[in-house]
Each structure stands twice: as structure tokens, then as C-alpha cells.
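Please take a moment to look over the model shown below before reading on.

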Amino acid sequence: MTDDNNFFGSSSDDNGSLEYTELGLNASLRPYNHLLVAGQILSRKAGNYSDGWQPKLDYGVVDYQLIADERRVLGVQLGRFKNPFGFYNQTRDAPSTRPGILLPQSIYFDRSRSLGLASDGLSLYDEERLSNGTIYLQGGVGIPQINSDAEISLSPSNPSLEGKLSTIGQILYSHDGGRINAALSMAQVRSDYQSRQNHQVKGEFVFQPIILSLQYNAENWTLTTEYEYQKRELKDFQVSPYNGKANGESLYVQYQYRFSSRWQGLLRYDYTVTDRSDPNGRRYAAAGQGEDYSRFAKDMTVGVQWKATPNWRFQAELHNVNGTAWLPRQDNEAKDTDQYWNMLLLQTSFSF
């Protein structure tokens, strides 16, 4: 439910919106000691996405371990693999792994989630076990699964995007059994861009994020922060106004406190700006391209989680937001949005 703007359906109506549901079914098979076959089918409804409820292959890999001993695990995955992106991207479709109902939208954007979610190709991983920590390395080459959500979010004109060969990699160090975690993630996501209104307008879209991630885990609390610097570029267009670059940045700081084995609280500050050279969006608005507040978002979040049983959990989350940079275009008309808005989310999830 929101007081202004819509998020995942007509949430600003008096009765709110129930258009956010995820259903996942996963399975794995290990025919040999070093061979694993695993996958998940996901059906998801999140507002006015055109592919709502359509079952899709979330991930599906054949995983072969070349080395597996006490000091090292070295393997290769072939198929559709989840991109190693920050702390949460590879497990974001399992509600039990998320710190809140929504992940920090500045980095784990839901309005264009397909842009960084998964790729079809080859992924290599290496786990090096040290005396007091573990180094995890993963890198992949593949075709990103870019769907209509990313097309609408990139431009109001809803261009056609076709994924091209892209790369992604991450190095993560986990110290003292996970008490301290630190990671660096980098990617270059490429796609062909084709205007649906004018077939002569075509070029390439390139998205290059760099994410620094830090986390400290104590007995009763966890402190997490991630910073992202991102480059976005449209290039190789014969129509010169389409060519352009914008460098954005995002940051969140998140505190989780475990009151007991069943109750957990959440506090988070989440910030994003679309163009660092125009952080307030004033030049964007002066050029008649849209509202200035559509170029940034500042989100204060407070939440609570109750684990009723090992399988059932209930969550509530309140957001106070300044800006609409991550507001889904699928659910809103830009001219009807408000800069300051609040959102209350309630969710129940079952894992088996």
C-alpha cells in the first residue's frame, strides 16, 4: 500500500495492491560425486509486467567439479546461471534469504531486474579455503536474459533489447566463518537496441556496474553496506541524439537485529542517483525530459520479521521515499507521480 505513486500494481488505491506474488519450484540431482544438475522454475506477478505469472526458467545448470578437496573446490557451470552480483543477487528469488521484503532498490532494482539477474552461458568458480577464511571467485560469459521490464525502464519509448555476449565476475572473501564478508563485483552487460517506433534507430546499450560490498556479523546483529558505481552508454547510433553516457551511483547501509530466534528487525538507508553530474535532476528537468526527482531516490526503511515456524515467516516493512528513480514505469504515468511518498508492505512466505 502506498499513499502516492504505485508500486507493483495500483497500490495507491484505498485497498492497496495484492499484485506481488512469487512461486518457485527447484530441484537438484547429483548422478555422480562431482556432477550436479540443478534448476528452478519461477512464476512471478509484480504489478503490470507483461509477462506476469508466466513460468520461466530462473536458473538451470550442469555443474561439474574439477577439484573438490579440503583446501579447494574448482568447478564449471553450463546453462542459465545466476549472476554473481553483490551479496544477494544469486539468492534473491528465495524470500528466506532476503533481509527484508524488498532488497535495496538502488542496487537490486526490481523494475528492471532481468538486466542483471541471469545469463545463458559458461561460469567458472573457485573456492580457496585458508587458515581463517575462504576466498570465493566466480566469473561468467553469457547472454543476459533481458525482458520487457528492462526495456520499459530504459526508455519511455519501450525499445527492443536483445542481449549480446556479456561478462561478469566477483571475488568474495569470508573471514572467520562469515563474521566479516567483503566482495568486489564487476560486469559488462551488452545488448542491441532497436527503436519500436523507427526501425532506422538502432545501436548498442552497455551497462557496466562495479559493486563494493562489506558485511559484519555479530551474535545478534548484522551490519551491511554496498556501494555501486555504474556506467550506462548508448552508442553506435546513426541518429546522433541517441548516443550518450551517464554515470550513476548507489549506496545503502543496513542494520539487522535478531531479538530472538524468531524475531528480527531491520533498519536501512538506501540512496541512488541516475547521473552523478546532475544529482538533483535539474538539468534533466530544464531540458524538458521529465521531473527532476525521477533522477534520484532516498529511501528510509524500517521492518520486522517473525519466523512463526521453520517454514512460515511473516514480514512487515515501511518505506519513506524521496524521489522516484526506481519507481516502476509499468505502474505509473510519469506526469502523475509525486516526489515524496510512503509505502507499507506486508508479506508471508512458505519454504519447503
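## A walk through the model

Phe 207 has a relative accessible area of 3%, so it counts as buried, where buried means under 20% relative accessible area, exposed means over 50%, and partly exposed lies in between, with a 1.4 Å probe and protein chains only. The model is a predicted one, in which local features need pLDDT of at least 70 and side-chain atom pairs count only at pLDDT 80 or more, while totals for chains, interfaces and linings use all residues. Residues are numbered from 1 along each chain as its sequence is written, and side-chain values use heavy atoms, with hydrogens and water left out.

Phe 207 belongs to strand β9, residues 202-217; strands (E, at least two residues) and helices (H or I, at least four) are DSSP runs, numbered from the N terminus. If its neighbours within four places in sequence are left aside, Phe 207 is in contact with residues including Phe 109, Leu 115, Val 189 and Arg 232, contact meaning heavy atoms within 4.5 Å. Between Phe 207 and Gly 116 there are 91 residues of separation in sequence, but 9.5 Å in space from C-alpha to C-alpha.

Two loop residues come next. Asp 176, in the loop between β7 (160-175) and β8 (180-194), has a positive phi of about 55° although it is not a glycine, and its relative accessibility is 35%, so it is partly exposed. Asp 236 lies in the loop between β10 (221-235) and β11 (244-258), and its phi, near 65°, is again positive in a residue other than glycine; with a relative accessible area of 57%, Asp 236 is exposed.

A hairpin of five residues links β13 to β14, and Trp 306 stands opposite Phe 314 in β14. On to the next pairing, β14 is joined by 11 bridges to strand β15 (residues 340-350), again antiparallel, with Tyr 340 in β15 as the bridge partner of Asn 322.

The aromatic rings deserve a separate look. There are 18 aromatic pairs in the structure, where rings of Phe, Tyr and Trp (its six-membered ring) pair if their centres lie within 6.5 Å, and planes under 30 degrees apart count as stacked, over 60 as edge-to-face and the rest as tilted. In the pair of Phe 7 and Phe 8 the ring centres are 4.3 Å apart and the planes stand at 45°, so this pair is tilted. Phe 87 and Tyr 88, by contrast, form an edge-to-face pair, with 6.5 Å from centre to centre and 75° between the planes. Phe 7 and Phe 8 are both buried, and so are Phe 87 and Tyr 88. One aromatic cluster is formed by Phe 7, Phe 8, Tyr 20, Trp 326 and Trp 341.

Finally, consider the chain as a whole. Its secondary structure comes to three helices and 15 strands. The radius of gyration, taken over C-alpha atoms, is compared with a globule rule of 2.2 Å times the number of residues to the power 0.38. The chain has a value of 21 Å, close to the 20 Å that the rule gives for 352 residues, so it is as compact as a globular protein of that length. Buried residues make up 47% of the 352 residues.

Conventions:
Pairing = 2+ DSSP bridges.
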